[in-house]
Amino acid sequence: LNNTIQANSYYSFIGGGLWNVVTGSIATVGGGQGNTAAFLATVGGGYSNTASGWGATLGGGWNNTIQANAGYSFIGGGQRNNIEGGSDHSTIAGGLGNLIAYASDAAIGGGQANEINVSSDHSTIAGGLDNYIDSDCSESTVGGGYANQIGNQHINDPIAATIPGGANNVENGDYGTVGGGQSNSIAGFAD
């Protein structure tokens, strides 16, 4: 009911549901309610999901967004996850309130309120709660845990840093690793 394939959206498809919209050619919305797919994008279902990046795929969930200029990115499901423009080839598998902000080839496996920030390309947060990779911290990894942070608001922007887990750990050294535990930190260059 009330599904719309906009004018000049060739070879596009809406399988069913309610108030779904296709805004570009070769796009698909499988079903659900209030979902939107742009050129070459796919939304499988769910509620109020938007896939605007070219070739983007959004499986389902609720209120997830892949913005324009986040081409070939993927959100599997979950709720209020967002991949912002400039985050080509990035993935959020699921979870709640996770964000990849202008970081290409980045991945968040799940969890809640995890964030990979600007130009932290090729970085990963596997899961956990409130973990953060700051801007310009490329090739960095947080395995999980709670409130772990790589980088420190542009004071130090380490590359290839790792925190496997734990809580409230901070890693600010290039190629450094905080092994886990609680409230541990590496303050500078770790070679």
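Modeller: Two strands are said to pair if DSSP finds at least two bridges between them, the strands themselves being DSSP runs of E with at least two residues, just as helices are runs of H or I with at least four, and both are numbered from the N terminus. This is a predicted model, in which local features need pLDDT of at least 70 and side-chain atom pairs count only at pLDDT 80 or more, whereas totals for chains, interfaces and linings use all residues. Residues are numbered from 1 along each chain as its sequence is written, and side-chain values use heavy atoms, with hydrogens and water left out.

Biologist: How do you know that strand 16 and strand 18 are joined?

Modeller: Strand 16 (residues 124-125) and strand 18 (residues 141-142) run parallel and are joined by 2 bridges, and because at least two are required, they count as a pair. Within strand 18, threonine 141 is the bridge partner of threonine 124.

Biologist: What is the order of the open sheet with 12 strands, and why is one side of strand 1 left without a neighbour?

Modeller: The order is 1-3-5-7-9-11-13-15-17-19-21-22, again with parallel pairing. Strand 1 and strand 22 (185-186) stand at the edges with a single partner strand each, so one side of each has no neighbour in the sheet.

Biologist: How many bridges pair strand 17 with strand 19?

Modeller: Strand 17 (residues 132-133) pairs with strand 19 in the parallel sense over 2 bridges, and isoleucine 150 in strand 19 is the bridge partner of isoleucine 133. Glutamine 149 also has its place in strand 19 (residues 149-150).

Biologist: What does the side chain of glutamine 149 reach?

Modeller: The side chain of glutamine 149 reaches the backbone oxygen of glycine 151 at 2.6 Å. A polar contact is a pair of N or O atoms within 3.5 Å, where within protein one must be able to donate a hydrogen and the other to accept it, and residues adjacent in sequence count only if both atoms are side-chain atoms. Further along the chain, the C-alpha atom of glutamine 149 is separated by 8.5 Å from that of asparagine 172, which lies 23 residues away in sequence. With contact taken as heavy atoms within 4.5 Å, and residues up to four places away in sequence not counted, glutamine 149 touches Tyr132, Ile163, Asn169, Val170 and Glu171.

Biologist: Why is serine 87 called buried?

Modeller: Buried means under 20% relative accessible area, exposed means over 50%, and partly exposed lies in between (1.4 Å probe, protein chains only); serine 87 has 0% relative accessibility and therefore counts as buried. Serine 87 sits in the loop between strand 11 (82-83) and strand 12 (91-92), where its side chain reaches the backbone nitrogen of alanine 103 at 3.1 Å. Its contacts beyond four places in sequence include Asn69, Ser73, Ile100 and Tyr102.

Biologist: Is serine 9 buried or exposed, and what makes it so?

Modeller: Serine 9 has 9% relative accessibility, and therefore counts as buried. The place of serine 9 is in the loop between strand 1 and strand 2, and a polar atom of its side chain lies 3.3 Å from the backbone nitrogen of glycine 24. Leaving aside neighbours within four places in sequence, serine 9 is in contact with Val22, Thr23, Gly24 and Ser25.

Biologist: Why is threonine 65 called partly exposed?

Modeller: Threonine 65 stands at 22% relative accessibility, which means that it counts as partly exposed. Threonine 65 lies in strand 9, and among the residues it touches beyond four places in sequence are Thr50, Leu58 and Ile83.

Biologist: What phi does tyrosine 72 have, and why is this residue called partly exposed?

Modeller: Tyrosine 72 has a positive phi of about 60° although it is not a glycine, and because its relative accessibility is 49%, tyrosine 72 counts as partly exposed. Tyrosine 72 lies in the loop between strand 9 (65-66) and strand 10 (74-75). Histidine 89, in the loop between strand 11 and strand 12, likewise has a positive phi of about 60° without being a glycine, and at 45% relative accessibility histidine 89 counts as partly exposed.
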